[in-house]
Amino acid sequence: MKRHFLTINDLERSEVLSLFTEAARLKAERADHRHTAPLAHRTVGMLFDKPSTRTRVSFEAGVYKLGGSVVFLHRSETQFARNEPISHSARVLSSYLDALIIRTYDQAELEEMASYATVPIVNALTDMYHPCQVLSDMFTIWEKRGKLDNLKVAWIGDGNNMANSWINAAALMGFELALAVPQGYDPRPEILEEARSKSSKTITLTRDPQEAVRKAEAINTDVWASMGQEDEAEARAEVFQMYQVNNELLSYAEPEAVVLHCLPAHLGEEITAEVLEGPRSVVFEQAENKLHVQKALLKFLILGQLD
């Protein structure tokens, strides 16, 4: 059966844990310089509207390492730029490809593509969700803590697409989530409400970052102005000042708490250099893990294999 990955909610909890096990196996395989080619003769398309370093390279490298090939398309160089109907592009690209990874602005456009596609569609970021990033971020915590159950995760900063996906993740995986977000920058209320109705643990929203990180075992943040919000950067910098992840804020967290950031980071704004480069930071392992988790995800979506 065709499966898409448009949000974290497209997976079952047991499937996420199986993907983590497979990602760990693929990570160990690469460390031992062992290679297999389960995606041999498979072609994955990548349709991107927005700039990307880690997401693009980790997907491209991952497909190649699994024996497949990639076709990269920037929207400006396709018929999307001339307003070809999404339904037409979805059906034609499905006849050429084995999966299509999309990085765009509008979640509705991604969902329309998925409704017409006959191959898996993967959300590599929209303005509403960033599920691949949060999937690999959860894997990083799972690696470090050996669990996600009975864990408190803190989100500090903007209630953006990352925050929305963390809310979905908390409801699915059953960990406590505390979000500290300035007034006026909340995550989408309907996502928060739905997650709270499903979750066995608390999902809280506060204006106080110290309250959010108290007893947290993982602390996550992102830039204050995301792609497309550059014109708001100055105003946001003023509003978000008290939401910086620094050593003083970490003193309220558990002593062994890990710090995550999806990168790129604006040092001195949402996170200090001493924290990002410090002993609690797992930021660069987190970035590497995108490769392993996305390989496991593509195997699952294209081949229907969880191991």
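Let's start in strand S5, where Lys 152, Ala 154 and Ile 156 point one way while Val 153 and Trp 155 point the other way, and all are buried. Here buried means under 20% relative accessible area, exposed means over 50%, and partly exposed is in between, using a 1.4 Å probe and protein chains only. Strands (E, at least two residues) and helices (H or I, at least four) are DSSP runs, numbered from the N terminus. Before going further, please note that this is a predicted model: local features need pLDDT of at least 70, side-chain atom pairs count only at pLDDT 80 or more, and totals for chains, interfaces and linings use all residues. Residues are numbered from 1 along each chain as its sequence is written, and side-chain values use heavy atoms, with hydrogens and water left out.

Back to S5, which is mostly covered, with five of its five residues buried. What does S5 pair with? Five bridges join S5 to S6, and the two run parallel; Lys 152 stands opposite Glu 176 in S6. S5 also runs parallel to strand S8 (residues 218–221), to which four bridges join it, and here Val 153 stands opposite Ala 218. Two strands count as paired if DSSP finds at least two bridges between them.

The path through S5, helix H6 (residues 161–173) and S6 makes a right-handed β-α-β unit. To check the hand on your screen, point the strands away from you: the crossover is right-handed if the path from the first strand over the helix to the second runs clockwise.

Now turn to helix H3, whose buried residues are Ile 86, Ser 87, Ser 89, Ala 90, Leu 93 and Ser 94. They cover an arc of only 160 degrees around the axis, which puts them on the same side of H3. That arc is taken from the directions from the helix axis to the C-beta atoms. The buried residues of H3 pack against S3 and helix H4 (107–116), where contact means heavy atoms within 4.5 Å. Ser 95 and Tyr 96, on the other side of H3, are exposed.

Next come the charged pairs. How many salt bridges does the structure hold? There are 19, each being a side-chain nitrogen of Lys or Arg within 4 Å of a carboxyl oxygen of Asp or Glu.

One of them brings the side chains of Asp 149 and Arg 13 together at 2.5 Å, N to O. Asp 149 sits in the loop between helix H5 (131–145) and strand S5, and Arg 13 in helix H1 (residues 13–31), so this pair ties together parts that are 136 residues apart in sequence. Asp 149 is partly exposed at 34% relative accessible area, and Arg 13 is partly exposed at 31%.

Arg 42 forms another salt bridge, with Asp 98, their closest N and O atoms being 3.8 Å apart. Arg 42 lies in the loop between H1 and strand S1 (43–48), and Asp 98 in the loop between H3 and strand S3 (99–103), so parts 56 residues apart in sequence are tied together. Arg 42 is partly exposed at 29%, as is Asp 98 at 22%.

A further salt bridge joins Asp 186 to Arg 207, with 2.6 Å between the closest N and O atoms. Asp 186 is in the loop between strand S6 (176–180) and helix H7 (189–198), and Arg 207 is in the loop between strand S7 (203–206) and helix H8 (209–213). Finally, look for Glu 22, Arg 25, Glu 29 and Lys 299, which are linked in a network of salt bridges.
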